[in-house]
Amino acid sequence: MMFAVTAVAIMVIMALALIRAFMGPSVYDRILAVNMFGTKTVLFIAVLGFFAGRPDFLDIAMVYALINFIGVIAVLKFVERIAEEESADVDGKEN
Amino acid sequence: MEQVVDILSWLLLLAGSFLGISGAIGLFRFPDFYSRVHAASVTDTLCALLIISGLVLQAGFTLITVKLIIVLLFLWYTSPVASHALVKAAHYHGLKPLLSDSNEDEVKEEEVSSKS
Amino acid sequence: MPYITFIIISLTVFWLLLSGFWDNGLLLALGAVSVALVGYLTWQIERQHPTMLSTRILLLLPVFLVWLIGEIIKANIDVLKRIWFSGRYPVEPIMKSLPMSQKGALGKTIYANAITLTPGTVSVDVVGDRVLVHAVSAEGIAGLEEGEMDRRVTALEGKTT
């Protein structure tokens, strides 16, 4: 029972984070919301493991925590490069 | 004894859920990107700590507890690095923070002095 | 080689705790291979980029972590008040560059990460001996300017050359 309540609460948090990711307004807001969605997924998997009586899920939660971090950093690098190219283009036109 | 532990973990899980939902609502109530980072960091730190401790109380002294603590450590090591990278990227690409009036001039001076 | 010994021991403990099988020959052999591989790679990296990890930091880190958790709980309550009672506790973002007294890269990293991990303050950039901090209110900055966290991290770092 208590795990179900917690799982539902975490799902509400994830839904709110997703709405923020859709709303934006800047691309950094979106990445922030997606990062929060990912960390909540880790907690969700852990709670779900207890709810289903299968604590093996914790291994998946652990791997997910690391993949989420690497994914956010990778997306950030990508966005950064695009922003740099755009600003380089603007500079080129101005000169 | 067992009931005390159950009630305690109930309370921890509920408090963690409440904190998480508050952080998610803060994501909407705070005015700009830089403040929203603070709201998100509430859910990353204390919410995770409370929920994981609630689960630890349920698991008792087993390998599962060790794994839960490792999950928490991973979250706590990675979340500041991710938010720092995010804020730094936003700052470098000129996303202007919304600041209270007295602070605005100070930051401008700071930026001028650091660039020269 | 205290560093590589420490890596080997901690990786072995990590494998044993995660796998949970302590008497399965195949799994133990696979674990030994992984530990040897990661140990070798770490040793190669360490030779090119020495980190000067001291045992002092490892021993003192738990004390610092316990203190940090207390700080995190206090800061969380403060941000919570700003979320729910935005009338009485307004959000007044502020950005300021603060001095930091750590000398080594590791000390600076720990300090900047501790600032970010505490809700209400985020370290934006580290330039030389100064860290640019964004805070949700002036009180957060005042708490950092008081310098207790700075002192504690410097004590943790100790004397590095």
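Keep in mind that the model is predicted. Chain B puts 42 residues in contact with 43 residues of chain A, and 42 residues in contact with 37 residues of chain C. The area buried is about 3700 Å² between chain B and chain A, and about 3400 Å² between chain B and chain C.

**Chain B against chain A**

- Of the roughly 3700 Å² buried between these two chains, carbon and sulfur atoms account for 84%. On the chain B side, Phe28(B), Leu86(B) and His93(B) stand out: they supply 16% of the area that chain B buries here, more than any other three residues.
- Three salt bridges turn up across this interface. One of them joins Lys40(A) to Asp44(B), with the closest N and O atoms 3.7 Å apart.
- There are also five residue pairs in polar contact between chain B and chain A, both partners at pLDDT 80 or more.
- Helices α1, α2 and α3 of chain B each put at least two residues into the side that touches chain A. The largest share comes from α3(B), with 14 residues.
- Sorted by class, that side of chain B has 30 nonpolar, eight polar and four charged residues.

**Chain B against chain C**

- Here carbon and sulfur atoms give 73% of the buried area of about 3400 Å². Phe30(B), His38(B) and Trp76(B) are the chain B residues that lose the most area to chain C, together 16% of what that side buries.
- The salt-bridge count between chain B and chain C is one. Lys88(B) and Asp125(C) make a salt bridge through their side chains, at 3.7 Å from N to O.
- Four helices of chain B give two or more residues each to the side facing chain C: α1 (2–29), α2 (33–59), α3 (63–92) and α4 (101–115). Among them, α3(B) gives the most, with 16 residues.
- By class, the chain B residues touching chain C split into 24 nonpolar, 13 polar and five charged.

**A closer look at His38(B)**

- His38(B), one of the chain B residues that lose the most area to chain C, sits in helix α2 of chain B.
- Its relative accessible area is 0%, so His38(B) counts as buried, the cut-off being under 20%.
- Beyond its neighbours within four places in sequence, His38(B) is in contact with Val79(C), Pro119(C), Gly120(C), Thr121(C), Val122(C), His134(C), Ala135(C) and Val136(C).

**The annotated transmembrane regions of chain B**

- An unreviewed UniProt entry places the feature "transmembrane region" at residues 7–28 and 48–77 of chain B.
- In the model, residues 7–28 of chain B are 100% helix and 0% strand, and the C-alpha atoms at the two ends are 32 Å apart.
- Residues 48–77 of chain B are 90% helix and 0% strand, with the end C-alpha atoms 13 Å apart.

Definitions and conventions:
Residues numbered from 1 in each chain as written. Chains lettered and ligands numbered in written order. Predicted model: local features only at pLDDT ≥ 70, side-chain atom pairs only at ≥ 80, totals over all residues. Heavy atoms only, no water. Contact = heavy atoms within 4.5 Å. Buried area = accessible area lost by both parts, 1.4 Å probe. Salt bridge = Lys/Arg side-chain N within 4 Å of Asp/Glu carboxyl O. Nonpolar A, V, L, I, M, F, W, Y, C, P; charged D, E, K, R; others polar. UniProt positions renumbered as here; feature names shortened; annotations may be inferred. Buried < 20%, exposed > 50% of the residue type's maximum accessible area, 1.4 Å probe, protein only. Polar contact = N/O pair within 3.5 Å; in protein donor to acceptor, adjacent residues only side chain to side chain.
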